[in-house]
Amino acid sequence: DSDVTLNVCLGKEFEGATLSFCGYFGQDDHRKHVHTYSHRVGRAVMHLGTHRHGADNIISGERYSLIMWSTGPYRQTEAYKRIAERNLHGEDKDEPDAICLSYTHDPDYGEYKAYPKGKSVKPASRRLHISRFTPGEAANKAMQLKVKGGDDVKAEEWSLAACKYKCAADYATSAASKVPPELL
């Protein structure tokens, strides 16, 4: 977490390794792609820490960077503390742009993409995310993900189907736990 980030490309030969920028944390468009920056040796990019971004994969070669994060007294203000309270992600109303999804930051990553090998959801983050939904909304999300998982099975996208079914189960469990027992 920084207030301002400076990213200097120091060298080597490489392809790819672009830096994709999306919206700002806390805004509804935080998962909408706005720009992709291509590093060039000897050049730098500076951006606000609240500007959601991610390093894209290196296709070939090696890239060396000097990255500096700056923080200041703003972090002690009530305005920052209000913004910094999780969930920084906004309302997640719309379908995210795939390039803006992060398995480290998005508790609903598995609803859209398969986790990389050896990675998984952060349970506390996932529980917080799901708790925002009413029982009806959670049940609806479970049904939607079950259908989407079925589509992934038909396409033989096994890992993605498994992620969606797991997420559907999370929503279904949440919906059931919030409904008064006499209604079950």
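In which hand does helix 2 cross helix 4? A few friendly notes follow, bearing in mind that this is a predicted model.

1. The crossing is right-handed where helix 2 passes helix 4. Helix 2 spans residues 123–131, and helix 4 covers residues 158–178. Their axes lie 10 Å apart and meet at an angle of about 55 degrees. The pair therefore counts as oblique, since that class takes in angles that fall between the roughly parallel limit of 35 degrees and the roughly perpendicular range of 65 to 115.

2. Which residues make this contact? Helix 2 contributes Arg 126, His 129, Ile 130 and Ser 131, while helix 4 brings Cys 167, Asp 170, Tyr 171, Ser 174 and Lys 178. Sorted by class, the contact has 3 nonpolar, 3 polar and 3 charged residues.

3. Asp 106 is worth a look in your viewer. Asp 106 sits in the loop that runs between helix 1 (78–84) and helix 2. Its relative accessibility is 2%, so Asp 106 counts as buried, the cut-off being under 20%. The side chain of Asp 106 has a polar contact of 3.4 Å with the side chain of Arg 31.

4. Now to Val 4, which belongs to strand 1 (residues 4–11). With a relative accessible area of 29%, Val 4 is partly exposed. Beyond its neighbours within four places in sequence, Val 4 touches Met 46, His 47, Leu 48 and Gly 49, as well as Met 68, Trp 69 and Ser 70. From Val 4 to Thr 77 the C-alpha to C-alpha distance is 16 Å, across 73 residues of sequence.

How values were computed. Residues numbered from 1 in each chain as written. Predicted model: local features only at pLDDT ≥ 70, side-chain atom pairs only at ≥ 80, totals over all residues. Heavy atoms only, no water. Helix = DSSP H or I, 4+ residues; strand = E, 2+ residues; numbered from the N terminus. Buried < 20%, exposed > 50% of the residue type's maximum accessible area, 1.4 Å probe, protein only. Polar contact = N/O pair within 3.5 Å; in protein donor to acceptor, adjacent residues only side chain to side chain. Axes fitted to C-alpha atoms, helices over the stretch in contact; angles between N-to-C directions. Parallel < 35°, antiparallel > 145°, perpendicular 65-115°, else oblique. Left-handed = near helix turned anticlockwise from the far one by under 90°. Contact = heavy atoms within 4.5 Å. Nonpolar A, V, L, I, M, F, W, Y, C, P; charged D, E, K, R; others polar.
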